[in-house]
Amino acid sequence: MSLKRLNLPLLEVLHRFGGCFLVDSSVRKVLPDSFSRTIPIWCCVLNRIVRRYRVELGEVDALDVEWDVELHTPACIVSEEEHEQISQLIDSRVELLYQSKAIVEPRRLAQLVIKPLRAVWIANGSFQNDTEIASSTKKDQYLTIICCNPSTYKEGGKNHVQWIDNKCKGITSSTEHGYYYTPGAADDDATWGRRLSPELFWTNPQLFLVPPLTDDDVDGLIDSLVQQHQSDSIFSDDLHSRHHNMNKIGHLNLWIGSRTAGRPPDCWDNFDAILNATENEYPAILDSISELHTKSQRSCFYLQLPVAEGKRDKTELERWMPVGLTYLILHMQQGRRVLVHCAQGKDRSVGVVLAFVAIVCPLGYPLRLSEEFDSFDVGSLHATNEGDGKSE
């Protein structure tokens with residue numbers, strides 16, 4: 001169980017609705033590892049620490065024997081031996097989480113987890129048995145996480161696109177003959193969705209669900225809706241169109257943005273220094289700085305931190321963080337307008353700016369620089385750079 005990704009916001013959903021569906025398509029396994037091991041461990045650790053917090057808070061019902069603190073794993077994946085091995089590690093993970101103080105509001109956690117968390121599993125169209133054979137399955141006893149693999153898994157079989165014949169399955173459908181089944185496509189809508197977003201679908205559900213449509217009709221309907229949506233977007237406010245790829249941070253001369261916000265040469269109309277926290281960069285970025293200096297004698301600054309996106313990065317963001325923070329502090333001390341961007345403005349750029357704010361901003365809203373910021377010693381960051389970053 002990772003202290004970096006506790007996924008506590010999911011508890012708000014579970015508390016509100018009593019459960020949720022998690023969908024992850026896998027054609028190589030009956031269930032992905034996240035369903036068979038990670039989520040069961042997460043549930044068990046949180047169940048035990050909630051009970052511990054309730055004892056500390058003086059809530060006597062915490063000792064109720066109905067509070068399930070056992071580990072539940074799918075028997076089709078996790079053997080009894082592995083189940084026992086994982087179970088023996090749970091208490092150490094609970095203690096690690098408790099000592100870390102990562103849960104800053106224990107009382108709020110106890111208020112959200114009013115019932116034990118429990119994972120159940122659906123694969124190949126049916127529920128999978130629990131390793132704990134005698135465990136209760138009463139749905140009203142748990143906050144239930146239904147882990148669903150919508151893809152069909154065939155042991156030893158080839159997972160290729162296949163034709164599903166509705167007549168052979170005894171299904172009456174508006175699709176006369178059947179449909180093509182693409183293994184693994186359930187959570188990869190970019191390969192077949194034709195740019196139809198969930199928001200666009202749920203704005204027009206009646207168009208899809210009411211009339212009998214052929215495959216060609218559906219494709220035509222999607223293309224029409226997407227085209228209309230794009231046409232409507234053209235007439236949106238120009239100011240919003242220019243700036244919706246970036247967000248200002250408090251009262252600081254600092255912005256977080258997507259890669260589009262850092263596109264040259266337009267980016268220099270808004271910023272004096274840019275920190276690019278991605279592996280990719282615009283080929284013309286350095287030339288645009290030189291051209292701007294030649295034409296107007298204006299100095300602009302650029303630094304790239306070659307950090308992979310999302311889970312593909314394991315250590316590089318941490319490695320390059322002191323370099324990025326030093327860059328931000330030096331330019332902010334000079335009063336320059338600074339942009340930090342990654343691919344979508346939601347990942348690495350947020351991490352860099354959050355670290356910056358934690359170091360140089362007092363707690364309070366809106367965010368402001370500390371009074372001592374101008375004299376902040378960047379040497380205290382112990383910045384080291386083992387690689388050759390690209391900068392100008």
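**View A. Glu12 and Arg108 make a salt bridge, with 3.2 Å between the closest N and O atoms.** A salt bridge here is a side-chain nitrogen of Lys or Arg within 4 Å of a carboxyl oxygen of Asp or Glu. Glu12 sits in helix H1 and Arg108 in helix H4 (residues 106–112), so this contact ties together parts that are 96 residues apart in sequence. Helices (H or I, at least four residues) and strands (E, at least two) are DSSP runs, numbered from the N terminus. Glu12 is partly exposed at 38% relative accessible area, and Arg108 is partly exposed at 35%. For these labels, buried is under 20% relative accessible area, exposed is over 50%, and partly exposed is in between (1.4 Å probe, protein chains only). This is a predicted model: local features need pLDDT of at least 70, side-chain atom pairs count only at pLDDT 80 or more, and totals for chains, interfaces and linings use all residues. Residues are numbered from 1 along each chain as its sequence is written, and side-chain values use heavy atoms, with hydrogens and water left out.

**View B. Arg194 and Asp223 form a salt bridge, their closest N and O atoms 2.7 Å apart.** Arg194 is in the loop between strand S6 (178–181) and helix H5 (198–203), while Asp223 belongs to helix H7 (residues 215–234), so the pair links parts 29 residues apart in sequence. Arg194 comes out partly exposed at 37% relative accessibility; Asp223 is partly exposed too, at 34%.

View C. Arg319 is partly exposed, at 29%, and so is Glu316, at 24%. Elsewhere, salt bridges with shared partners join Lys29, Asp33, Arg37 and Glu82 into one network.

**View D. Tyr53 and Tyr98 form a tilted aromatic pair.** Rings of Phe, Tyr and Trp (its six-membered ring) pair if their centres lie within 6.5 Å; planes under 30 degrees apart are stacked, over 60 edge-to-face, and the rest tilted. Here the centres are 5.9 Å apart and the planes make 35°. Tyr53 lies in helix H2 (residues 33–56) and Tyr98 in helix H3 (residues 80–100), so the pair ties together parts 45 residues apart in sequence. Both tyrosines, Tyr53 and Tyr98, are buried.

**View E. Phe201, Trp202 and Phe208 form one aromatic cluster.** The ring centres of Phe201 and Phe208 are 5.1 Å apart with planes at 40°, so that pair is tilted. Phe201 is buried at 19% relative accessibility, as is Phe208 at 14%.
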